[in-house]
Amino acid sequence: SNPAKVLLSHGNASVEIYLFGATVTSWKVGGVEKIFLSKKAHLDGSKAIRGGIPLVFPHFGTIPTSTLPQHGFARVSTWSRLDPPSETETATSVAFTLSPRAVPAALAAKWPHAFRLTYTVTLTTDTLTTTLKVENTADVAWEFTSLLHTYFATRGVAHVGVKGLEGASFVDKVAEGAPRAVESRTAVIVAGEVDRVYEGVDDKAEVTVTGTGHGDVVVHRTNLPDVVVWNPWTDKAKAMADFGDDEFDNMICVEAGSVAKFISLQPGETWTGGQTLKTA
Ligand SMILES: O=P(O)(O)OC[C@H]1O[C@H](O)[C@H](O)[C@@H](O)[C@@H]1O
C-alpha cells in the first residue's frame, strides 16, 4: 500500500485520497469514475493536484491582502490521517487534519494564524460526503474563505448541463470588468471559457451535473452558499503545464464554497462546511 494515499471502499463504491492536500483524486461507483484527474497532474507533492477535489483554504483565488499563492496552502500541504478508516453497515469514513506546523514554512509565514483543519471523507454506496471543519486555535480572531474545488469527469463537455443555478446572481470572471448578472438558464452549459462565481445560492437548492457520460451527480451543500463553475476551454488549457491541451473536454469544475464574503472566526470558534455528492 502507498502511504501517500488512502483508499476507502464501501459496497461497489470507492474513493482515493492523497495526503498531499487531502485531495480526493477518484470516486468510483459501480466501476464508473465520477472525478476528473488530469493525465498531467503532479502526484508527487511538487504542485497542487490538477483534478480531484482540491481544498481551498484560507482564501479563494488571489486577494490583495495576502501574498499566499492562489487558493491558499491547504491543497499544497501534507495532511495527516487521524484514525484508521471506520466502517459501519451504511458508510465508510476517514478523517485528516492539518495545522500550521505541516504547512510549508514559506507559506505558513504568509498567513501566521493558529488553526486546525479537520477534513472528513465519508463514502456510502451512492454518496461521497466531504466536510471541512475550521477551528481558530489562536487568541485573536482571523478570517478566511474556503471551497471544495471538485473536478467532475465528462465525455464531451458540450453535452454537460449544470442545473439548479437559475435565478442565482453571479460574477462573470471571464467578461471584461467581471460584471455581475443573474442566471436565466435552467442549465449552465460550456461553449467557451467559463469562470463564474454564483453567490448566495440557497443550501436547499440542489445543483445537478448532467450529461457527463459518467452518470448524473447531485451536489448537496451545507454551509457553502457559493458555487463556482469553471472550464478553461482551449487557450487556458494550453497555458496550463499540468493539463492536457484537449482535457477541457473531459472535465467541468462545480465548486461548492463560501468565498463571496470572509468568514470571521473568534478564538476557540469553529466553522463547518461540506458537500454530499450523490449519484442520480
Ligand atoms: O489553476 P488553479 O490555481 O488550480 O485555479 C483553477 C481555477 O480555479 C477556480 O475555478 C477559479 O475560479 C478559476 O479562476 C481558476 O482558474
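1. Let's start with the sheet formed by four strands: β1-β2-β3-β4 is the order, the sheet is open, and the pairing is antiparallel. At its edges you'll find β1 (5-10) and β4 (32-33); each has a single partner strand, so one side of each has no neighbour in the sheet. Do keep in mind that this is a predicted model.

2. Inside that sheet, have a look at how β2 and β3 sit together. Residues 13-18 make up strand β2 and residues 23-29 make up strand β3, and the two pair in the antiparallel sense over six bridges.

3. As a rule, most residues other than glycine have a negative phi.

4. Strand β18 (residues 207-210) runs antiparallel to strand β19 (residues 217-222), with three bridges pairing them. Val-209 has Val-217 of β19 as its bridge partner. Six residues lie between the strands of this hairpin, and Gly-211 takes a positive phi near 70° there.

5. β19 also pairs with strand β22 (residues 270-279), again in the antiparallel sense, and here the count is six bridges. One of the pairs to check is His-220 with Thr-276, the latter being the bridge partner in β22.

6. Now a peptide bond to look at by eye: the one from Phe-57 to Pro-58 is cis, with omega near 5°. In general, most peptide bonds are trans. You'll find Pro-58 in the loop between β5 (55-56) and β6 (80-81).

7. On to the ligand. The space it takes is the largest pocket. Around the ligand are Arg-50, Phe-60, Gln-70, His-71, Arg-75, His-149, Lys-173, Asp-195, Val-228, Trp-230 and Glu-255. Sorted by type, this shell has three nonpolar, three polar and five charged residues.

8. Which side chains have an N or O atom 2.7 Å from an oxygen atom of the ligand? His-149 is one of them, and Glu-255 is another, also at 2.7 Å. As for cover, the ligand on its own has 390 Å² of accessible area, and the protein covers 85% of that.

Definitions and conventions
Residues are numbered from 1 along each chain as its sequence is written. This is a predicted model: local features need pLDDT of at least 70, side-chain atom pairs count only at pLDDT 80 or more; totals for chains, interfaces and linings use all residues. Side-chain values use heavy atoms; hydrogens and water are left out. A residue is near a molecule or strand if one of its heavy atoms lies within 4 Å of it. A polar contact is a pair of N or O atoms within 3.5 Å; within protein, one must be able to donate a hydrogen and the other to accept it, and residues adjacent in sequence count only if both atoms are side-chain atoms. Accessible areas come from the Shrake-Rupley method with a 1.4 Å probe; for residues, only the protein chains shown count as cover. On a 1 Å grid over the protein atoms alone, a cavity is a set of points where a 1.4 Å probe fits but cannot get out, and a pocket is an open set with protein on both sides within 12 Å along at least five of seven lines; lining residues have an atom within 4 Å of a point. A molecule sits in a cavity or pocket if more than half of its atoms lie within 2 Å of its grid points. Ala, Val, Leu, Ile, Met, Phe, Trp, Tyr, Cys and Pro count as nonpolar, Asp, Glu, Lys and Arg as charged, and the others, Gly among them, as polar. Two strands pair if DSSP finds at least two bridges between them.
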